[in-house]
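Please keep the sequence and the model in view while reading.

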Amino acid sequence: MDVHVTRSELRGTARAPPSKSYTHRALLAAGYSDGATVESPLISADTRATARAVTAFGGSVAPAGSERGGDGAAAIPGDADAIAVEGFGGRPAVPDDVIDCANSGTTMRLVTAAAALADGTTVLTGDSSLRSRPQGPLLDALGDLGVRAESTRGNGQAPLVVSGPLEGGAVAIPGDVSSQYVTALLMAGAVTDEGVEVELTTDLKSAPYVDITLELLADFGVEATPVDAAGDPLDGAAGAAGFSVPGGQTYEPAGGSYAVPGDFSSISYLLGAGAVAAAPGEAVRIEGARPSAQGDAAIVEIVEEMGADIEWDREAGEIAVERADLSGVTVDVGDTPDLLPTIAALGAVADGDTRIENCEHVRYKETDRVAAMAEELETLGAETTEEPDVLTIHGDASDLTGATVDGRHDHRIVMALSVAALAAEGTTTVRGAEHVDVSFPGFFETMADLGMTVDRD
Ligand SMILES: O=C(O)C1=C[C@@H](OP(=O)(O)O)[C@@H](O)[C@H](O)C1
Ligand SMILES: C=C(OP(=O)(O)O)C(=O)O
């Protein structure tokens, strides 16, 4: 599907969708439990993949309050305000079919480790994008823990074959490809007999996502600890040399339910759009923005540093942003890879250079987002410089004019280019707009409600 975005003035209030990262973890944690309710979940293509996996392992998912069973993930309406999960306990059944992780890297990593707990063989696949992403370090780690975990093509990419059961043990793994490998091992390790000790062989990228994992595990009564090189406990994942999770634990959320916070990766598009295109003298307001362990909340400070006037009432979870003349910034995205597309789009609108550093791991997402943003912003008239680990957008040499740009089958590229389109002369066509279904299904409806002129084919 193509959408056609015309330069617009925005005003009014939007609500952030629930966090995709928290929803994935809450659904699987509920699966590891004897059952729990996930409140305010994100219902999207990616989280439906995790819900399907929970069902495949012998659990069940249904809108809270509905009859048990039903068609599982597919039957959950997009506006479900809670999901009742029947858990499979610590031992997943061997699925009777291939688990399709669709476009979701988080699902594939977390479910690969879960599959290792089953006393049999599970096959996992995904769409062409997901089948091109790296799974090798997790497969090697599971292999070192005594599990058969292989790529059918022998190249560390899906389809994958996993044969358990995983008993636990000590394992070393790189931290600079995907933090999801660590999350996966910690979540599964808690229900093994022996527990899992993870040693990192490199620095940890995307560390705040492991903090999300640690926070959620604690909320489910599961203990997992980041440690320094001496093995001493740390308060969080930043700078950790490893992680330790005892076995034999039971997932049990306080009160039998878990409430998912708003998604700051999705908020970044709403905040960026307001900073670029809020009507003169008016603000764009965002609800559902309470603080959590999400590293992507850094977008507030980043857009402020670019020159926008932002008010964030953390208690109420409300952000207000007005349009501003933006200036370029230098940002390290080692902890916040998903912000690169948004920051790059804003850099194309700002004066001066925007330099996005420490971004090599952003090349391993749904697409190579460093190259994709460089190329598609240049189609709009921006000037960029791409290096292996740095993307620079030269705002002074960027004069955005509407054009046809390719969303690269990547939800974040689609949404970031739509933000850039708000500052371009004329109309911009964004191809592949349907991919917002992965993390923000109502994105274009939300933007239209704020005043974006958007037509769809
Ligand atoms: O754990 C998670 O929920 C995620 C971790 C990040 O991936 P990496 O850890 O692979 O950088 C991020 O890009 C992804 O959108 C979600
Ligand atoms: C990369 C992302 O998610 P995943 O790794 O789950 O595909 C994302 O949401 O930007």
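What is the volume of the largest cavity? The volume of the largest cavity is about 300 Å³. A cavity here is a set of points, on a 1 Å grid over the protein atoms alone, where a 1.4 Å probe fits but cannot get out, and lining residues have an atom within 4 Å of a point. Grid points are joined across faces, edges and corners, and a volume is the space filled by probe spheres set on the points.

The model is predicted: local features need pLDDT of at least 70 and side-chain atom pairs count only at pLDDT 80 or more, while totals for chains, interfaces and linings use all residues. Residues are numbered from 1 along each chain as its sequence is written, chains are lettered from A and ligands numbered from 1 in the order in which they are written, and side-chain values use heavy atoms, with hydrogens and water left out.

**Domains and cavity**

The chain is assigned domain 1 (3–17 + 262–456) and domain 2 (20–237); such bounds come from an automatic or database domain assignment. The centres of the two domains, taken over C-alpha atoms, are separated by 29 Å.

The largest cavity is lined by 28 residues, and Lys 20, Thr 106, Gln 180, Tyr 209 and Asp 338 lie nearest its centre. Two or more lining residues come from each of helix 1 (20–32), helix 3 (105–115), helix 6 (207–219) and helix 11 (411–421). Helices (H or I, at least four residues) and strands (E, at least two) are DSSP runs, numbered from the N terminus. Helix 1 gives the largest share of this lining, 3 residues. Domain 1 and domain 2 each supply at least three residues to the lining. By class, the lining holds 3 nonpolar, 14 polar and 11 charged residues; Ala, Val, Leu, Ile, Met, Phe, Trp, Tyr, Cys and Pro count as nonpolar, Asp, Glu, Lys and Arg as charged, and the others, Gly among them, as polar.

**Helix packing**

Helix 3 also packs with helix 5 (residues 180–189), at an angle of about 35° and with the axes 8 Å apart. Axes are lines fitted to C-alpha atoms, for helices over the stretch in contact, and angles run from 0 to 180 degrees between N-to-C directions. Residues in this contact include Thr 106 of helix 3 and Gln 180 of helix 5. The contact residues divide into 8 nonpolar, 4 polar and 1 charged.

**Backbone features**

| Cis peptide bond | Omega |
|---|---|
| Ala 158 and Pro 159 | about 10° |
| Gly 164 and Pro 165 | about 5° |

Pro 159 is placed in the loop between strand 8 (148–151) and strand 9 (160–163), and Pro 165 in the loop between strand 9 and strand 10 (169–173). Ala 102, a residue other than glycine, has a positive phi near 55°; Ala 102 lies in the loop between strand 6 (99–100) and helix 3.

Technical notes: On a 1 Å grid over the protein atoms alone, a cavity is a set of points where a 1.4 Å probe fits but cannot get out, and a pocket is an open set with protein on both sides within 12 Å along at least five of seven lines; lining residues have an atom within 4 Å of a point. Contact means heavy atoms within 4.5 Å.
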